[in-house]
Amino acid sequence: LDIGCGSGRAMRHFKQQGVQVSGIEPSQAAIDRSGELQSCIFSGYLSEFNETRWFDVVYLEQVLSHVDDVVAFMKRAVELCQPGGIFLIEEPNDNNQFQKYMMQYNLAPESYWVTPDHSHCFNKETLTSILTQVGLEVIDGQMTWPMEWFQISGDDYIGDDEKGAVVHEKRYKMLASLTYEQRMSLGRWFYDNGIGRDLVMYL
């Protein structure tokens, strides 16, 4: 079950692996772009979703930062996951060490990562606290490449889409030089030290 599935990018990936997929999405415009997946997507909010069967995997990508009452939202999501099932959750890792460093040394505007449509900013500690409140257990975690490294090293890309594309290309090239196992190991090291840009948790 992909909660906040958008146009179905993740659903399409899992379906290609032979997984039976369902989605929840409040934006009809996004659902209209989902093509053959439209019949698998519930149009509305999680609170309106009356499905009672349990899912093996519940996936939330960049959803919780948009939710007003995260605890109530996650309690409903947990009701939809079978005992022993898996949650995969990704959120921005905000207010992290590098972001604080950049503001301290005037390398970025104060709280530059805050966006108007986000109700919350999470980091590893705050998100873990909320998720354990609703009965989930963290079994693994990763963080994505810390983009702030580029800003700290002189690539002033914040607010500049053209430079942003350049530093992302650098990131792609560096990650491409590693094996899959090395990338996974690096992501876990970022997670353990709390310095990646996006937080990925397996629960």
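This is a predicted model: local features need pLDDT of at least 70, side-chain atom pairs count only at pLDDT 80 or more; totals for chains, interfaces and linings use all residues.
Local features required pLDDT of at least 70 and side-chain atom pairs pLDDT 80 or more, while totals for chains, interfaces and linings use all residues. Residues are numbered from 1 along each chain as its sequence is written, and side-chain values use heavy atoms, with hydrogens and water left out.

Aromatic rings are taken up at the start. A pair of aromatic rings is described by the distance of the centres and the angle of the planes. Tyr101 and Tyr105 form a tilted pair, because their ring centres are 4.7 Å apart and their planes stand at 40 degrees. Tyr101 is partly exposed at 37% relative accessibility. Here, buried means under 20% relative accessible area, exposed means over 50%, and partly exposed lies in between (1.4 Å probe, protein chains only). Tyr105 is also partly exposed, at 47%. Tyr105 sits in the loop between α4 (97-104) and α5 (124-133). Helices (H or I, at least four residues) and strands (E, at least two) are DSSP runs, numbered from the N terminus.

The pair of Trp145 and Trp149 is edge-to-face, with 5.6 Å from centre to centre and 85 degrees between the planes. Trp145 is buried, with a relative accessible area of 10%. Trp149 is partly exposed at 33%.

Lys124 is placed over the face of Tyr191, 4.2 Å from the ring centre. The criterion is NZ of Lys or CZ of Arg within 6 Å of the ring centre and within 35 degrees of the ring normal.

Salt bridges follow. Side chains of opposite charge can pair when their charged atoms come close. Seven salt bridges were counted. One of them joins Asp94 and Arg197, whose closest N and O atoms are 3.2 Å apart. Asp94 is in the loop between β5 and α4 and Arg197 in the loop between α8 (180-193) and β7 (198-202), so the pair ties together parts 103 residues apart in sequence. Asp94 is buried, at 3% relative accessible area. Glu148 is linked with Asp94 and Arg197 in a network of salt bridges.

In another salt bridge, the closest N and O atoms of Asp140 and Arg188 are 3.0 Å apart. This pair links strand β6 (residues 140-143), which holds Asp140, to helix α8, which holds Arg188, across 48 residues. Asp140 is partly exposed at 26%, and Arg188 is partly exposed at 32%. Lys170 and Asp155 form a further salt bridge, with closest N and O atoms 3.0 Å apart. Lys170 lies in helix α7 (residues 161-176) and Asp155 in the loop between α6 (148-152) and α7, 15 residues apart. Lys170 is partly exposed at 34%. Asp155 is partly exposed at 25%.

Glu61 lies in strand β4 (residues 55-61) and is partly exposed at 24%. Its C-alpha atom is 4.8 Å from that of Glu90, 29 residues away along the chain. Beyond neighbours within four places in sequence, Glu61 contacts Arg9 and Glu90 (heavy atoms within 4.5 Å). Gln62, in the loop between β4 and α3 (70-79), has a positive phi of about 55 degrees although it is not a glycine. Gln62 is partly exposed at 26%. Asn95, in the loop between β5 (81-92) and α4, likewise has a positive phi, near 60 degrees. Asn95 is partly exposed at 34%.

Methods: Rings of Phe, Tyr and Trp (its six-membered ring) pair if their centres lie within 6.5 Å; planes under 30 degrees apart count as stacked, over 60 as edge-to-face and the rest as tilted. A salt bridge is a side-chain nitrogen of Lys or Arg within 4 Å of a carboxyl oxygen of Asp or Glu.
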